[in-house]
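Dear colleague,

My findings follow it, arranged by topic.

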2 protein chains.
Amino acid sequence: MTKAADTKLTIIQRAADVFNQQGYAGSSMADIMQATGLKKGGIYNHFASKDELAIAAFQFAVHQVSRRYIQILKDHQGAIARLKAVVHTFVANLDNPPIQGGCPLLNTAIESDDTHPLLRQQVQRAMDAWRKLIHRIVDTGVAAGEIKPEVQADTVATLLISTLEGALMLSQLYGDRVHIQRAQEHLNDYIDRLQQS
Amino acid sequence: MTKAADTKLTIIQRAADVFNQQGYAGSSMADIMQATGLKKGGIYNHFASKDELAIAAFQFAVHQVSRRYIQILKDHQGAIARLKAVVHTFVANLDNPPIQGGCPLLNTAIESDDTHPLLRQQVQRAMDAWRKLIHRIVDTGVAAGEIKPEVQADTVATLLISTLEGALMLSQLYGDRVHIQRAQEHLNDYIDRLQQS
């Protein structure tokens, strides 16, 4: 990697942690300068605007999260085991976060929905990819006769993502793992009930 | 109401809408001035700081939301019907929001967890009140023999709140009611399974 590419990646990494903890509106270029140790010009050499950096940082954050799912799914076969592995990965991220500040999809969805169409579109794409991942697991499970034929893949995706993201919000609000643990138990029961008996 | 009290309430109401849509960090005093039609001095006559206004606006927003729950629970008897009424009220708020910008608890929890201890404490208190409301309904239902004795009130509160808040995030991200509708169906099934048969 060239020195310029290396600097650019460092800016993205550090900015991703700052934005994910403080929000985009709550992070100033001074915060990014402090996190990177660079002057304003050193940052603007690589990014035309704060928005351009925000999008690069969000994509980096999502990549850090999603590669964990890809990795863990390699070790699990069967739709029921794989759905539980998705839930487990999300819960385990609380103790060993791929990025500081919690789930970048949740944080950025909440911040951007009323204010930042460009970022909102980025979150929609990342959320689409997560929903499709769950979707494919369910459809493969239905095709294999492992999951009941009447199960709607879209509904499973909505319920897994909603329950996990909402419980993460509670666990972070209180600094208490109990909420995400309850969500995991509830979802594991739910996943078991999808199984063709 | 005196003119001063009237002006103060108007500032709080308008600021609550602005903060809940744009976030606290994303709202400037210029935004509040524009929303209220007042000059900076006219606002600082009533609030010592942006933080003081932020807390008053958050409390106002929570009051707008919580009085809907108090109202609807008067019309429902029995724990199962009351839990479903809580879910229904949350879902109905999407079409007829008590405050612009979605759920103030969710928005403010996400924004404040890493950055704003004072606001975070306010969200914890408001969330405690919502959890206790659900808690009391479940405990009354258990005492009356309507709900299974092994049901944990705390767990019901976590699951209802997590699933609803997470699904709201998805519905607002996509501008699509389907996610919150799926959450409602799932939670109504879950509530039915709490019932003593």
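**Helix crossing between the chains**

The axes of H8(A) and helix H9 (residues 178-193) of chain B approach to within 9 Å and cross at roughly 85°. Angles of 65 to 115 degrees count as roughly perpendicular, and H8(A) and H9(B) are therefore roughly perpendicular to each other. On the H8(A) side, the residues that meet H9(B) are A:Thr155, A:Thr158, A:Leu159 and A:Ser162. Their counterparts in H9(B) are B:His179, B:Arg182, B:Ala183 and B:His186. By class, this contact has two nonpolar, five polar and one charged residues. Please bear in mind that the model is a predicted one.

H9(B) has 16 residues. From its first C-alpha to its last, H9(B) reaches 23 Å, close to the 22 Å expected at 1.5 Å a residue. The residues of H9(B) that meet H8(A), namely B:His179, B:Arg182, B:Ala183 and B:His186, are also among the buried residues of that helix.

**The interface as a whole**

Each chain contributes to the contact: 37 residues come from chain A and 37 residues from chain B. On the side of chain A that touches chain B, at least two residues each are supplied by helix H1 (3-22), helix H6 (104-112), helix H7 (117-143), helix H8 (153-174) and helix H9 (178-193) of chain A. H8(A) gives the most to this side, with 15 residues. The residues on this side of chain A comprise 15 nonpolar, 16 polar and six charged.

**Chain A**

Chain A has nine helices and zero strands. Along its principal axes, the C-alpha trace of chain A spans about 65 × 35 × 30 Å. Of the 197 residues in chain A, 39% are buried. Among contacts in chain A between residues at least 6 apart in sequence, 63% join residues at least 24 apart.

The 20 residues of H1(A) should span 28 Å at 1.5 Å a residue, and the end C-alpha atoms of H1(A) are 28 Å apart, which agrees. Buried in H1(A) are A:Ile11, A:Ala15, A:Ala16, A:Val18, A:Phe19 and A:Asn20. These buried residues of H1(A) pack against helix H2 (29-36), helix H3 (40-44), helix H4 (50-74) and H6 of chain A. Just after H1(A), A:Gly23 takes a positive phi of about 80°.

A:Ala144 lies in the loop between H7 and H8 of chain A. Is A:Ala144 buried or exposed? A residue with 12 or fewer C-beta neighbours within 10 Å is exposed, and A:Ala144, with 11 C-beta neighbours inside 10 Å, therefore counts as exposed. The C-alpha atoms of A:Ala144 and A:Ala79 are separated by 9.0 Å, while the two residues are 65 residues apart along the chain.

**Helices H6 and H7 of chain B**

Nine of the nine residues of helix H6 (residues 104-112) of chain B are buried, so H6(B) is largely enclosed by the rest of the structure. Among them are B:Pro104, B:Leu105, B:Asn107 and B:Glu111. The buried residues of H6(B) pack against H6 and H8 of chain A, together with helix H1 (3-22), helix H4 (50-74), helix H7 (117-143) and H8 of chain B.

B:Leu119 lies in helix H7 of chain B. With 20 C-beta neighbours inside 10 Å, B:Leu119 counts as buried. Leaving aside residues up to four places away in sequence, B:Leu119 touches B:Tyr24, B:Ala54, B:Ile55, B:Phe58, B:Thr108 and B:Ser112. Of these, B:Thr108 and B:Ser112 are buried residues of H6(B). B:Leu119 and B:Ile70 are 49 residues apart in sequence and 24 Å apart in space, C-alpha to C-alpha.

With kind regards

Methods: Residues are numbered from 1 along each chain as its sequence is written. Chains are lettered from A and ligands numbered from 1 in the order in which they are written. This is a predicted model: local features need pLDDT of at least 70, side-chain atom pairs count only at pLDDT 80 or more; totals for chains, interfaces and linings use all residues. Two residues are in contact if their C-beta atoms, placed from the backbone, lie within 7 Å. Helices (H or I, at least four residues) and strands (E, at least two) are DSSP runs, numbered from the N terminus. Ala, Val, Leu, Ile, Met, Phe, Trp, Tyr, Cys and Pro count as nonpolar, Asp, Glu, Lys and Arg as charged, and the others, Gly among them, as polar. Axes are lines fitted to C-alpha atoms, for helices over the stretch in contact, and angles run from 0 to 180 degrees between N-to-C directions. Angles under 35 degrees count as roughly parallel, over 145 as roughly antiparallel, 65 to 115 as roughly perpendicular and the rest as oblique. The expected span of a helix is 1.5 Å times one less than its number of residues.
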